[in-house]
Amino acid sequence: MESGDLFDEQVLIKAAEEASSTTTTTTEEDDGFWKEDKKPKRLKSVDPSMIEPFAIMLYGLIHQRYLLTREGLSIMANRFTHSEFGTCPRYFCEESPVLPMGRFDETGKERVHLYCPVCLDIYNPPSSIDGAHFGTTYCHLLFLTYPELIPSSVHNYQIYEPRIFGFRVSPFASTGPQNQWLRIRPQQK
């Protein structure tokens with residue numbers, strides 16, 4: 001077992017223990033009838049509204065781990081080629097397919113984002129799914145595993161340049177192109 005696997009399993013075990021500890025708080029009271037060895041207390045009833053958030057969290061962490069497997073990457077590659085997650089809203093990306101991703105691996109921090117491999121930017125979809133269900137690793141690992149999925153428009157990448165009467169707007173102007181240097185890519189040979 002690799003050290004990364006051990007870490008992931010410990011995260012899942014911790015999440016499962018946390019879920020089970022909250023369900024054991026609703027136990028029956030001991031009436032003192034049995035004077036012998038204390039028997040484990042039984043649950044009166046399990047309230048589904050208590051368990052559901054932990055089940056969703058545990059499912060999400062398992063989903064995140066599954067996406068990193070060979071089979072999970074293959075399924076997501078197929079979905080990416082069919083643009084099942086939508087396309088990039090940016091004009092110069094030429095409707096490049098996007099992938100869901102999270103900025104954090106821990107649950108409850110932020111909702112899912114969409115990653116565009118052309119402009120290397122993330123966008124907010126109208127979704128309430130936790131970003132940790134996809135994690136930070138899988139979409140980058142997908143393109144390392146399947147380099148043929150990188151859109152061809154990456155090589156013809158363009159940056160919008162605002163102009164007034166044909167003259168470029170200065171980046172120092174208050175309405176000028178701010179942080180345009182962030183989108184500049186190194187020339188590939």
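Which residue of S2 is the bridge partner of Pro-100? The partner in S2 is Leu-114, and around this pair the sheet can be described. The model is a predicted one, in which local features need pLDDT of at least 70, side-chain atom pairs count only at pLDDT 80 or more, and totals for chains, interfaces and linings use all residues. Residues are numbered from 1 along each chain as its sequence is written, and side-chain values use heavy atoms, leaving out hydrogens and water.

Strands (E, at least two residues) and helices (H or I, at least four) are DSSP runs numbered from the N terminus. S1 and strand S2 (residues 113-116) run antiparallel and are joined by 3 bridges, where pairing requires that DSSP finds at least two bridges between two strands. The open sheet has 3 strands in the order S1-S2-S3, with antiparallel pairing. Because S1 and strand S3 (121-123) stand at the edges with a single partner strand each, one side of each is left without a neighbour in the sheet.

Helix H3 (residues 70-81) packs against helix H4 (residues 138-145) at an angle of about 85°, with the axes 10 Å apart; axes are lines fitted to C-alpha atoms, for helices over the stretch in contact, and angles run from 0 to 180 degrees between N-to-C directions. H3 is therefore roughly perpendicular to H4, a term that covers 65 to 115 degrees. On the H3 side, the contact (heavy atoms within 4.5 Å) is made by Leu-73, Met-76, Ala-77 and Phe-80.

Ser-96 lies in the loop between H3 and strand S1 (99-101), and it counts as buried because its relative accessibility is 3%, buried meaning under 20% relative accessible area (1.4 Å probe, protein chains only).

Methods
Angles under 35 degrees count as roughly parallel, over 145 as roughly antiparallel, 65 to 115 as roughly perpendicular and the rest as oblique. Buried means under 20% relative accessible area, exposed over 50%, partly exposed in between (1.4 Å probe, protein chains only).
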